[in-house]
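This report walks through selected features of one protein model. Look at the structure first, then read on.

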Amino acid sequence: MIMEEKKQRKSLSSFSILFIIIIVLGIITKFLDGAKFSPMELRDTGETVSQVVGAKLSDVVMSPFYGFKDAIDICIFILVLGGFLNIVTKTGALEAGIQNVVKKLKGNELVIIPILMFLFSIGGSTYGMAEETIPFYGLLGMTMVAAGFDTIVSVGTVMLGAGAGVIGSTVNPFATGVAMDALKGISIQPKTGLIMLIGLVLWALTTAYAIFVVMSYAKKVKADKGSTILSLQEQNDMEEHFAKGFDDKVVFTGKHKMILTIFAITFLVMIVSLIPWGDFGVTFFDSWTTFLTGEPFGAWYFGDLAMWFFIMGIIIALIAKMSESDIIDTFIDGAKDILSVVLIIVVARGASVLMATTHLDMYILDKSANLLQGLSPILFVIGAYIIYVLLSFLIPSTSGLAYVSIPVMGALADKVGLSADVMIMIFVSACGVVNLITPTSGVVMGGLEVSKVNYTTWTKFVFKHIIVITVMNLLVLIAAMLMA
């Protein structure tokens with residue numbers, strides 16, 4: 001009885017954790033008010049700053065609002081996604097399709113995991129798949145529960161799959177791309193081939209280990225439902241949101257197939273539109289793909305995607321012969337259901353905004369970089385990795401962190417006779433690892449919110465595996481630094 005009560009005890013919500021972080025950051029900046037650091041240039045204004053500005057009460061209070069302004073494109077995208085997915089769900093095609101897949105894979109459900117994780121990892125490595133994964137948490141939650149697994153399996157499949165790809169970024173424009181540009185900005189020419197080679201090695205090792213982790217846990221849960229690490233409350237939430245209402249006698253009709261085909265095309269277009277084709281010299285999508293949003297594939301962003309999903313949602317609703325009032329009500333209900341995810345992203349972004357406003361991120365970067373001077377190559381790599389782990393908790397945006405840090409850390413590596421190219425991959429790997437667990441990431445907290453999994457449960461599941469991934473990555477990076 002005591003154990004049952006313990007399992008049902010609720011932990012802090014995602015919102016509480018994030019607001020506590022914002023308050024703590026504000027207090028830290030007050031203690032460091034006026035603290036000096038080496039002059040650095042602000043990305044947006046070009047202004048040079050050299051000291052911490054203590055956060056005022058108004059800075060703390062308004063940080064979620066400015067986080068909303070900063071993340072407005074992502075927020076609109078996710079709200080539209082909620083409406084789109086609810087329309088698809090209302091047609092019954094999703095339930096019928098999932099049941100059809102589960103029936104066909106009877107006894108072989110585990111094969112879903114490596115296939116999906118491999119695909120997510122490709123997305124992570126090539127274009128930094130992150131916020132785009134949000135809709136998959138709900139979809140895979142239903143699929144995995146119907147296949148006899150739990151929601152930790154669905155979260156692991158998406159988050160560890162895409163995350164492993166980001167850790168091993170090769171042509172990711174938001175990580176290696178921005179970092180190489182930042183390096184060029186301080187007159188150091190990056191070696192693209194070396195960066196991609198290190199990325200491929202990190203991608204292969206991390207993806208293989210991530211697949212092993214999720215499959216091992218999935219096998220245990222499949223064999224014994226009692227081996228789940230979900231609390232009783234989370235198990236109840238899983239049943240209510242992802243299992244309740246499934247009917248294994250549902251008929252998979254031709255209309256369902258048509259809707260799911262359009263559904264798949266919608267996501268395929270999303271993926272194709274986000275790959276930076278111009279960076280590879282591909283001009284095939286130029287001009288003719290601009291007819292819908294005014295931007296060609298390769299230049300689409302969250303605004304373009306939001307309108308794409310909106311249009312495709314209407315098309316699917318018309319195929320299902322939904323009335324005008326049903327379309328509107330269903331879309332609004334879907335947006336309403338996912339509003340909590342949007343608000344989590346807003347508050348998480350607010351923490352980053354507060355860091356930037358007070359220049360605490362630059363202070364920590366400057367003081368940390370000074371600690372690395374005079375170290376051996378092995379200790380230098382380990383020290384730089386630790387610094388990037390810390391910075392990534394505070395600045396979960398890979399592109400933002402690259403712009404702020406690489407001119408400092410890359411220049412430092414070059415100054416002491418080490419490889420600035422390896423430093424880029426130290427940044428990418430450490431940032432990728434932290435973004436699997438940091439509460440300041442809207443993707444982590446949003447994905448868990450959709451999946452109805454507590455943050456503490458996820459950290460309990462993934463923490464020891466993050467240590468293993470970190471050690472593997474460090475060994476690769478140390479070897480690369482010694483050989484570069």
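## Cysteines

C431 is buried, with a relative accessible area of 0%. Its closest cysteine sulfur is in C75, 20 Å away, which is too far for a bond. The model is predicted, and these distances are computed from it.

C75 is also a buried residue, at 1% relative accessibility. Seen from C75, the closest cysteine sulfur is the one in C431, at 20 Å, so a bond is ruled out by distance. A disulfide requires two cysteine sulfur atoms within 2.5 Å. A search of the whole structure finds 0 disulfides.

## Helices α10 and α21

How are α10 and α21 arranged relative to each other? Helix α10 covers residues 192–223 and helix α21 covers residues 455–483. They pack at an angle of about 160 degrees, and their axes are 10 Å apart. Because of that angle, α10 is roughly antiparallel to α21; the cut-off for this description is an angle over 145 degrees. The crossing of α10 past α21 is right-handed.

On the α10 side, the contact is made by I198, V201, L202, L205, T206, Y209, V213 and Y217. On the α21 side, the partners are F461, H465, V468, I469, M472, N473, V476, L477 and A480. By type, the residues of this contact are 14 nonpolar, 3 polar and no charged.

An α-helix has 3.6 residues a turn, so residues three or four places apart point the same way.

## Helices α7 and α12

The contact joins P135, F136 and L139 of α7 to F263, F267 and M270 of α12. The residues of this contact are 6 nonpolar, no polar and no charged.

Helix α7 spans residues 134–146, and V145 lies in it. Is V145 buried or exposed? With a relative accessible area of 12%, V145 is buried, since the limit for that term is under 20%.

Leaving aside residues up to four places away in sequence, V145 touches T151, M238, F242 and A243. One of these, F242, is 97 residues from V145 along the chain, yet the C-alpha atoms of the two are separated by 6.6 Å.

Helix α20 runs over residues 442–451. Of its 10 residues, 9 are buried, so the helix is largely enclosed by the rest of the structure. The buried residues of α20 are G442, V443, V444, M445, G446, G447, L448, V450 and S451. After α20 comes K452, which has a positive phi near 60 degrees.

K452 is also a contact of D237, a residue that touches F242 and K452 when residues up to four places away in sequence are not counted. D237 sits in helix α11, which covers residues 232–243. Its relative accessible area is 19%, so D237 counts as buried.

## Loop residues

S187 has a relative accessibility of 70%, so it counts as exposed.

The loop between α12 (254–274) and α13 (302–319) holds S287. S287 is another residue other than glycine with a positive phi, near 65 degrees. Its relative accessible area is 56%, which means S287 is exposed, as the limit for that term is over 50%.

G278 is found in the loop between α12 and α13 as well. With a relative accessible area of 62%, G278 is exposed. G278 and G199 are 79 residues apart along the chain, and their C-alpha atoms are separated by 20 Å.

Terms used. Residues numbered from 1 in each chain as written. Predicted model: local features only at pLDDT ≥ 70, side-chain atom pairs only at ≥ 80, totals over all residues. Heavy atoms only, no water. Axes fitted to C-alpha atoms, helices over the stretch in contact; angles between N-to-C directions. Helix = DSSP H or I, 4+ residues; strand = E, 2+ residues; numbered from the N terminus. Parallel < 35°, antiparallel > 145°, perpendicular 65-115°, else oblique. Left-handed = near helix turned anticlockwise from the far one by under 90°. Contact = heavy atoms within 4.5 Å. Nonpolar A, V, L, I, M, F, W, Y, C, P; charged D, E, K, R; others polar. Buried < 20%, exposed > 50% of the residue type's maximum accessible area, 1.4 Å probe, protein only.
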